[in-house]
Amino acid sequence: MTALFSAWFRIPFWQRVLGGFVLGALAGWLMGPAAETWFGPFGKAYVTLIKMIAVPLVLFAVMNAVASLHGQKSVAALGGRTFAWFAITAALAVCVGLGVGWLLEPGEGVSGLSVAADYSVREIPSVAQVLLDVVPGNPFKALAEGRILQVIVFAGLVGFALVKLGDRVAGVRRLVGEASEVMIQVTRFVLETTPIGTFGLIAGLVGSYGFEKLLPLGTYVFALYLACALHIVFVYGGLVAAHGLNPLKFFRGAAPGMQVAFVSSSSFASMPAAIRSVTHNLGVDRDYAAFAVPLGASIKMDGCGAIYPALTAIFVAQYFGLELAPTQYFTILVASVLGSFGTAGVPGTAIVMVTLVLSAAGLPLEGIGFVVAIDRVLDMMRTMTNVTGQMLVPVLVAKETGLLDREVFDADVVGLPADGDDAPPEAVSAGRGAGESGAGSAA
């Protein structure tokens, strides 16, 4: 048995995840809908495990990060730069979505679509309500319900309090740091189940979705995947290059978080792997990453909040034969960028964002119901785009503020260290298997 486990961990982690993906797709294709019954629970259990660790990981990591960052760099200045890059990349994402929609015309020639039976118009919260919802009325309830943005606010306040009280709470600060280390270790354990979770998620997805669901909207699905790919490669890659960094090394280092994002379709589920990727593989200061990545998982949604609403607006307008005016294009741009911040922490962000954008542009809301039926397929690429952006911005800000370790970024890293082994990235090579590509640890 020991030899079997040793052989398993000698396989590079990205290969284990890829193997789970391929085998899951094959099982889903062969078994059809029955694959969801037999293998779907593996995927659901994996996502549940990841969500289990996300909230306590963020709570202790942010508390520890705020207390540690104070005195090194201004937390306000770091936060300002982070928000600025969130907005800039979101605006660029909207432009990419609009451009691809305009070129491919995914709504032209499509007819006879029916609204999904489970679709209902989502209510858009007011600005005042969103701002009120950011502050936790009961921090324990926020922890129990997994409201990450509220948890970040509460943890940040506790972190500032630890700084303010100084030596009087030295023991508490030490305890918070130790609790953060414990959650990192728990995360290492959980992320090792990623290949099994990938198998279950992909088997259930392929078995549940037949070609009959995708064919009528094939051009739309292709357009979304193309827009996200262009944004990741050219916009993100271009920004990395503009900061004097190697884009290929960025994507190689970010691959663990991107993999988990694609199969889980959840920014929160991807957060542990994303934090680990930007610290171990990309050299971002650990305390800053513990603050920026969870914040991005709450409000940085280039796929769901920018590309998807912009492309869907084009699709709906073309489907209903409506001509968009220049003012409507501008409205879509502004609504997408501001809305991605304004809907932070609202469940079902993607649908809420599309509802907001279509409402602002004066387009028929029933058009959303046409694409809800294939939302799971779309969500995989949208979420991978979200998470890639959530890893990009900390790298850019860290480079600008001196919080990026260039030796780590430039190292030939292909994965993450084995469980419990935080050796320097230079020591991690293609021959090291256990924990590679995001499963080794997470912060």
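**Exercise 1.** Find which residues are linked with Asp375 and Arg382 in a network of salt bridges.

*Solution.* Start with the network: Asp379 joins Asp375 and Arg382 in it. A salt bridge here is a side-chain nitrogen of Lys or Arg within 4 Å of a carboxyl oxygen of Asp or Glu. Next, take the pair Arg382 and Asp375, whose side chains meet at 3.0 Å, N to O. Finally, check accessibility: Arg382 and Asp375 are both buried (under 20% relative accessible area; exposed is over 50%, and partly exposed lies in between, with a 1.4 Å probe and protein chains only).

Before going on, note that this is a predicted model, in which local features need pLDDT of at least 70, side-chain atom pairs count only at pLDDT 80 or more, and totals for chains, interfaces and linings use all residues. Residues are numbered from 1 along each chain as its sequence is written, and side-chain values use heavy atoms, leaving out hydrogens and water.

**Exercise 2.** Work out which residue forms a salt bridge with Glu36, and how far apart the closest N and O atoms are.

*Solution.* The partner is Lys44, and the closest N and O atoms are 3.5 Å apart.

**Exercise 3.** State how many salt bridges the structure holds.

*Solution.* The total is nine salt bridges. Another pair to look up is Glu181 with Arg286, whose side chains meet in a salt bridge at 2.4 Å, N to O.
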